[in-house]
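Have the model open while you read.

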Amino acid sequence: MLALSRKKEEAIVINNDIEVVVLEIKGDQVKLGISAPKSVPIYRKEVYLQIQESNKESVSADGIEALRNIFK
């Protein structure tokens with residue numbers, strides 16, 4: 001993991017087309033702005049993990065059986 005220090009209004013660039021800017025710092029919270037192409041999905045980690053878990057559940061044996069029943 002790369003650890004960087006940034007001040008308000010400073011940024012980092014990832015892969016030439018993603019920019020992360022520190023917008024605001026209040027106490028222990030940091031507000032970030034992210035500019036990226038629309039084709040790049042951006043999620044908070046807790047939301048991303050929920051999506052992954054939901055995807056795993058949908059391909060479980062029960063999920064596959066439910067799909068089979070729909071298309072009968």
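By class, 14 nonpolar and 1 charged residues make up the lining of the largest pocket, with no polar ones. Here Ala, Val, Leu, Ile, Met, Phe, Trp, Tyr, Cys and Pro count as nonpolar, Asp, Glu, Lys and Arg as charged, and the others, Gly among them, as polar. This is a predicted model, where local features need pLDDT of at least 70, side-chain atom pairs count only at pLDDT 80 or more, and totals for chains, interfaces and linings use all residues. Residues are numbered from 1 along each chain as its sequence is written, and side-chain values use heavy atoms, leaving out hydrogens and water.

Of the 15 lining residues, I12, I14, V20, L32 and I34 lie nearest the centre of the largest pocket. β2 gives the largest share of that lining, 5 residues; β1 (11-14), β2 (18-26) and β3 (29-35) each supply at least two. (Strands are DSSP runs of E, at least two residues, numbered from the N terminus.)

Now for the charged pairs. The structure holds 4 salt bridges (a side-chain nitrogen of Lys or Arg within 4 Å of a carboxyl oxygen of Asp or Glu). Among them are these:

| Salt bridge | Closest N to O |
|---|---|
| R6 and E10 | 3.6 Å |

Shared partners join E24, K26 and K31 into one network. K26 counts as exposed because its relative accessibility is 57%, where exposed means over 50% relative accessible area, buried under 20% and partly exposed in between (1.4 Å probe, protein chains only). E24, at 24%, is partly exposed.

How values were computed. On a 1 Å grid over the protein atoms alone, a cavity is a set of points where a 1.4 Å probe fits but cannot get out, and a pocket is an open set with protein on both sides within 12 Å along at least five of seven lines; lining residues have an atom within 4 Å of a point. Helices (H or I, at least four residues) and strands (E, at least two) are DSSP runs, numbered from the N terminus.
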